Amino acid sequence: MANNSQNSIVSAGLQEQHLQFQQQLIQLKQQQQLQQQLLLQHFQQQQQQLAEQHEKQLQERIREYLEQQKQYEEEQRVEKERVEKEKLEALKKKEKHEQSAIASSEVKQRLQEFVLSKKQREAAAANSANNSPPTPG
């Protein structure tokens, strides 16, 4: 009977060790799961920070580009104004005996009217010459 008693004590001891081992494995798995969750959270935070940083970089680059475009357009406008001013100054400085090659819109219109009326007269004269009977010869 003592042998049975010893066997049951050993068996109870082994069961206790086995339970402790299982509990240790469960704790280890829980710790590992917690570490993985913390790592994933850290990764997601870094990913979010990187996405925000990239967005800021893009916005800054766009802002710089728009400023450059604005500056270029302003330079072009100033240059165009300068050229126009130079042309105007050159016209003002022309001596009075020099003829200006720039015709006013009124002069252009009168010239067109004159050319049109001349063409009409020539066409009418040509028609009357074609419609007259041939002269005997």
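1. E86 is partly exposed, its relative accessible area being 45%. Here buried means under 20% relative accessible area, exposed means over 50%, and partly exposed lies in between, with a 1.4 Å probe and protein chains only. The partner of E86 is R82: the two form a salt bridge whose closest N and O atoms are 2.3 Å apart. A salt bridge is counted when a side-chain nitrogen of Lys or Arg is within 4 Å of a carboxyl oxygen of Asp or Glu. R82 is also partly exposed, at a relative accessible area of 37%. Both R82 and E86 belong to helix α1, where four residues, about one turn of the helix, lie between their positions.

2. The model is predicted: local features need pLDDT of at least 70, side-chain atom pairs count only at pLDDT 80 or more, and totals for chains, interfaces and linings use all residues. Residues are numbered from 1 along each chain as its sequence is written, and side-chain values use heavy atoms, with hydrogens and water left out.

3. The chain has two helices and zero strands. These elements are DSSP runs numbered from the N terminus, helices being H or I of at least four residues and strands E of at least two. Of the 137 residues in the chain, 0% are buried. The accessible surface of the chain is about 13700 Å², and carbon and sulfur atoms account for 54% of that surface. Accessible areas come from the Shrake-Rupley method with a 1.4 Å probe, and for residues only the protein chains shown count as cover.

4. How many salt bridges does the rule give? The count is eight. Side chains of opposite charge can pair when their charged atoms come close.

5. One of these pairs is R63 with E60, with the closest N and O atoms 2.3 Å apart. R63 and E60 are separated by about one helical turn because they are three residues apart in helix α1. R63 is partly exposed at 38% relative accessibility, and E60 is partly exposed at 34%.

6. E81 and R77 form another salt bridge, with 2.4 Å between the closest N and O atoms. E81 and R77 are four residues apart in helix α1, so about one helical turn separates them. E81 counts as partly exposed at 46% relative accessibility, and R77 is partly exposed at 37%.

7. Which residues form a nonpolar patch on the surface? The patch consists of F21, L25 and L28, with about 270 Å² of accessible area together. Patches are made of residues with over 30% relative accessible area and no salt bridge; like charges are joined within 9 Å, and nonpolar side chains (Val, Leu, Ile, Met, Phe, Trp, Tyr) within 5 Å. L25 sits in helix α1, residues 2-93, and is partly exposed, with a relative accessible area of 37%.
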